[in-house]
Amino acid sequence: MPVAAASLPVADGVGLPWDVETRDAVEAIGAARRRIGDTFVVESGRDHYLFTFSAAGVESFYALPEESASKGLADYLMLRRKLPEELFAGRRTLPGTLFRRDDVTSYLANLERALDHTDVELGERGEVELFEMTRRLGHRMGLASWAGPGCSDGTAFERLVAAFDALDGSDAFVHPDAMAAIAASDKRAERAALEEVVAVVGDALARGESIAADSLFGRVVGAWADEPAEVRTRGIALDVALIHIASMSNLMAALGWALVDLIGHPDVAARVVDGDTGLASRCALESTRLAQRSIMSRAVVTPVEFDTGDAVIEVPAGWTIATLLPLLNTSAAPGLERWAPDRWNRYRLADTRVLDSPMLVTAFGHGKHSCPAQPFSLSAMTTAMIRLLSRYEITPQWRRYPRPVPQQIGGVARSRDECRVEYVRFGHAEGRS
Ligand code: HEM
C-alpha cells in the first residue's frame, strides 16, 4: 500500500538555506540522514521536500517524468530568487538548444581565442587567483560564442563581465543565504545589470556587422526577426543573458577544481601535458564528481507514486522531490572520497559492482535530464587544462586543499579559500627566486 508523504519522518530543525539561516545545509541534511535514514521530509518555509538517498529512490528520482515532476519548474523556482522574473518570460532560444555539433566546434574555436587572451593577460610571470582566471576565461569564451560581434573584447566585454557578475544566477544556490536581502532590494542591482546587458548587446546590433545566420547568435537574432526594433533588441539581449547565465553555473568552477587537482598531482599533470587527452578527460570528470554540491530537485505538479525500495510514497502536487550529490558521490562506496581519474571509462564509472546502483554517483547527471553540455564541457576543460599546464610552471600558494563555500547547495563547488598560484611561462624561468 502506498504511504502518504505527510506521514514520513520529518528532519526536525532542518531547513533550506534560502528559508532559514544555516551555516552548512548539506551537512545538516547529511546529519538528518544519519539520524533518520535514506528517506525523510524537510519542511522549510512553506515548502515540503522529500529527500531520497536509497539506491531505488535515486533511480526513481532520475526516472520521474517531467510532466508530473518537473526539473524545469524546480530550476525556475530556485533561480527566480536571484534573477528578475522578466528574464524568463518569452524566451525564444533556450540554453538546452546550444549543443548542436557545429555549435560546439565554434565554441571550442572561441575557447582557443579566449586562451590566447588569457596568455596575454597573464604575461610571462605573476600571481593569479585560479577561479577568477577560469571565470574570466568562461565569460570570454561564452560571450564570443553567443553575444554578438565585439562583445568579447575591450569595453563591451568589461561591461558585460561586470553586468553578469551581478546577474549571476548561481548565487541562488552558491550564496542562498543572500537571497532574502536580494528580495528585500526588489532585485535592484540585478535589474540594473540586465539593462546594461540590453544596452551592450543593443550597441553590438546597432553596429550592423554581418552575422552568420547559422551561428548561435544568428539563430537568436533570427528568432526575433519579425518584431519591431525595440522589442527585437530586448528579446535578443534577454535570450543571450539567459544562455550566458546557464553557462556560468558549473563549467568554469569545474575547470578550477580540475586545475587544483592536477597541480596537486604533478605526475598525472605531466601525462596530461604530454597529450593523453583520454586521461585529461577522466581527470576533468573526477574533479567534477568530487566538487559536486548539486541539489537535484523536481517540483511535483501532479501527484506521483515514488518508489524508494522500502515503500511507495504518494507525493502531492506542490512538494519537491530531491537528492543531494555531495551526500552520495563521495560516500556511496568505499574509496570514492579519493581523487582517482582511472575510475572512469569514458563517461561512465569503470567498475560499478561496488555500488548498490550506478546512479548513486555522477558528475553530469543521469537519465533524460542529464547535461546536454557534457561532451562540450569535457572538451573545453581538457583543452584549457592542457594549454595552461603546458605553457606555465604553476606553483600553488595554498597550504591545504581548498574548501567549498559552506552555504552552497547546488552546482559545482565554489572555493571558500583563495586559490592563488604563482606562474612562470616555460622558457622564461630565468631570474625566478
Ligand atoms: C562541468 C560543467 C557542467 C556540469 C558538471 C553540469 C552538470 C549538470 C547536471 C548534473 C545536470 C542534471 C541536473 C538534474 O538532473 O537535475 C545538468 C543539466 C543541464 N545542464 Fe549542465 N553541467 C555543466 C555544464 C553546462 C553548460 C556549459 C551548460 C550550458 C550552457 C549546461 C546546460 C545544462 C542544461 C540546459 C541542463 C538541463 C537538461 C534538461 O533538463 O534536460 N550545463 N548539468
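Predicted model: local features only at pLDDT ≥ 70, side-chain atom pairs only at ≥ 80, totals over all residues.
Colleague: Which protein atom is the donor of the iron atom of the ligand, and at what distance?
Modeller: The loop between strand S11 (348–349) and helix H15 (374–391) holds cysteine 371. This residue is among the closest to the ligand, together with Lys71, Arg298, Phe364 and His369. The only protein donor of the iron is Cys371 (SG), at 2.3 Å.

Colleague: Which elements give two or more residues to the shell around the ligand?
Modeller: The ligand is surrounded by 23 residues. The elements that contribute two or more of them are helix H11 (229–248), helix H12 (251–263) and strand S6 (295–300).

Colleague: Is serine 377 buried or exposed?
Modeller: Serine 377 belongs to helix H15. Beyond its neighbours within four places in sequence, serine 377 is in contact with Leu251 and Phe364. Its relative accessible area is 7%, and because the limit for burial is under 20%, serine 377 is classed as buried.

Colleague: How many residues apart are lysine 82 and glutamate 190?
Modeller: The side chains of lysine 82 and glutamate 190 form a salt bridge, with N to O at 2.8 Å. Lysine 82 lies in the loop between helix H3 (71–79) and helix H4 (101–122), whereas glutamate 190 lies in helix H9 (residues 188–206). Both residues are buried. The pair links distant parts of the chain, 108 residues apart.

Colleague: Which parts does the salt bridge of aspartate 165 with arginine 135 tie together?
Modeller: The closest N and O atoms of aspartate 165 and arginine 135 are 2.8 Å apart. Aspartate 165 is in helix H6 (residues 154–166) and arginine 135 in helix H5 (residues 130–146), so the bridge ties together parts that are 30 residues apart in sequence, in helices H6 and H5.

Colleague: What are the relative accessibilities of aspartate 38 and arginine 33?
Modeller: The two side chains meet in a salt bridge at 2.8 Å, N to O. Each residue counts as partly exposed: aspartate 38 at 31% and arginine 33 at 21%.

Terms used: Residues numbered from 1 in each chain as written. Heavy atoms only, no water. Near = heavy atom within 4 Å. Helix = DSSP H or I, 4+ residues; strand = E, 2+ residues; numbered from the N terminus. Donors = N, O, S within 2.8 Å, 3.2 Å for Na, K, Ca; no water. Buried < 20%, exposed > 50% of the residue type's maximum accessible area, 1.4 Å probe, protein only. Contact = heavy atoms within 4.5 Å. Salt bridge = Lys/Arg side-chain N within 4 Å of Asp/Glu carboxyl O.
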